[in-house]
Number of protein chains: 2
Amino acid sequence: MPFKDNLRAKSILVETYLAHCLSHLDMPPGLREAMNYSLLAGGKRLRPALCLSCAELFGLEAETALPFAAALECIHSYSLIHDDLPAMDNDDLRRGKPSNHKRFGEAAAILAGDGLLTDAFIFMASASPPGAGTAPPAERTLRALRAVAVAAGSQGMVGGQYLDMLYTSGQKITLEQLRDMQAAKTGALITVSCVSGAILAGAKEEDCVRLDRYGRSLGAAFQIVDDILDEEGDEAALGKPVGSDAAKGKITYPSLLGVSRSRALAEEAGAAALDAISVFSGTEALFLRELVEYVLQRSS
Amino acid sequence: MPFKDNLRAKSILVETYLAHCLSHLDMPPGLREAMNYSLLAGGKRLRPALCLSCAELFGLEAETALPFAAALECIHSYSLIHDDLPAMDNDDLRRGKPSNHKRFGEAAAILAGDGLLTDAFIFMASASPPGAGTAPPAERTLRALRAVAVAAGSQGMVGGQYLDMLYTSGQKITLEQLRDMQAAKTGALITVSCVSGAILAGAKEEDCVRLDRYGRSLGAAFQIVDDILDEEGDEAALGKPVGSDAAKGKITYPSLLGVSRSRALAEEAGAAALDAISVFSGTEALFLRELVEYVLQRSS
């Protein structure tokens, strides 16, 4: 299957499943609207695609990994809502639409984020229904869920966003600090998207380590390209103003190294990602390889 | 053991465990400070005590249920931090000290809450370490974790806080709406504190249902007393101004029914809680009974 068709098939699978899951939660209508607004607003669905692909790489059917794929997208979506808040990045636009708090108000946006984060754990904890023979054993689900919580929590994404806020207050930082901050803020969730799929599928420890390396390098490439796009991307494609990082006083790869050295660093990270999964073969290994190129070439 | 000693022993157990767990998480120092500030600021530790007691009621050692007891306190603490935010209740004081955002700023407070919520799931997912013979089986841990996520998420606590915000905007509500809102906002987490302990201990389904009824009634009694204390409590004991609900335009039990009918309703809920656990005997059953009286008589 061509790469774009595979990615699209995975997106549709996840979006259908997400809409189904959310419609079964009994919550206040206004809260549902705020959660759906951000969650079902499109996006590349990169994290769920990684999770499904890494599960399939080790023979698990995509459907069985869907609770985790959906949860990862919920967690990503919550992080965007909270990052956009006035007290954080104060962004009015997200994917070309008003950000969640601009549309629903700050209180609803904070709660929509809290709801998406918490409900993500309902989905993950439902991945081993008792008596379902094809589902992963509870031990695996628990281990994968724990890995996601570590990646999303104070040691991972939340900690990275804290550092991002700290560094934005005018502090000078080194390339190493920038790298560590971004590894926590965006890298950890991308990495655990790969690793959780592999854990669910019962992959061997050494293969989990390979996917961990792949995820870290892919995450680094993703973030450097993000920084470059913010510097010289196309506003229409991005759905937000170019130069917003600089306007906020954020240190980025281009601000530290310039665009061309940043581009070289992204290519290097991409090569490391490919190297990490060189032992794998088959459709999904090809998908993971093509995904590296996709991340490096993307314009939005 | 006298009730107060039992409650105190459980508090110390949980606080020691919480401090230990947090010290092992590798996060930015400023974020750790903000999380510790609210989490280790005292409080009744009601939810962890319920969890430990209900686990012990069915023969599980308190130590084994500690990851859940600690997680429930983290979730409670996160909810207080987010509820106090300017966009929500805009409270400057909590337990006689500046609220989290007054002390650390809004961005750090939002992230401290996000971190506590997410890390709570690390603790819970660690309750069945592979190879530990005395730990609950992974199936049970996963089931208890799922119940906590349901209680804390959009169908429970987050949904209840959303309704609380909605109702505070001047809308007239009925006693039934008030009851449903509070059952979600505070009742669900109190209830699941009981039920998760019982699930971990392998209690029979009918006993889980009994503790579910106990928790719901106890939660209702707790919240009605909270409303009464806000009307006529002692500011020094409460650590916050009396009358703050009314000042915010919140509908409460006393505002709908007056204090004496509210008090009668709390007593009724307390009696229902006692009735739900009438079949149980032993030290922990006694603790759960005395806890009802404690909740009804509390002054802070």
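These legends describe close-up views of a predicted model. Residues are numbered from 1 along each chain as its sequence is written, chains are lettered from A in the order in which they are written, and ligands are numbered from 1 in that order too. Local features need pLDDT of at least 70, side-chain atom pairs count only at pLDDT 80 or more, and totals for chains, interfaces and linings use all residues.

**View 1. Chains A and B around an axis.** In chain A, the C-alpha of A:Ala138 is nearest the axis, 2.8 Å from it.

**View 2. The nonpolar core around A:Ala221.** The largest nonpolar core has 202 residues. Such a core joins buried Ala, Val, Leu, Ile, Met, Phe, Trp, Tyr and Cys residues through C-beta atoms within 7 Å; buried means 20 or more other C-beta atoms within 10 Å of a residue's own, with C-beta atoms placed from the backbone. A:Val148, A:Ala221, B:Val148 and B:Ala221 have the most contacts inside it. Leaving out residues up to four places away in sequence, A:Ala221 touches residues including A:Ala266, A:Gly270 and A:Leu296 (contact: C-beta atoms, placed from the backbone, within 7 Å).

**View 3. Helices α1 and α3 of chain B.** Helix α1 (residues 3-23) and helix α3 (residues 46-57) of chain B pack at an angle of about 105°, their axes 9 Å apart (axes are lines fitted to C-alpha atoms over the stretch in contact; angles run from 0 to 180 degrees between N-to-C directions; helices are DSSP runs of H or I, at least four residues, numbered from the N terminus). That makes α1(B) roughly perpendicular to α3(B) (65 to 115 degrees). B:Leu7, B:Lys10, B:Ser11 and B:Val14 in α1(B) meet B:Pro48, B:Ala49 and B:Leu52 in α3(B).

Notes: Least-squares fit on C-alpha atoms with pLDDT ≥ 70 in both. Buried ≥ 20, exposed ≤ 12 C-beta atoms within 10 Å, placed from the backbone. Contact = placed C-beta atoms within 7 Å. Helix = DSSP H or I, 4+ residues; strand = E, 2+ residues; numbered from the N terminus. Parallel < 35°, antiparallel > 145°, perpendicular 65-115°, else oblique.
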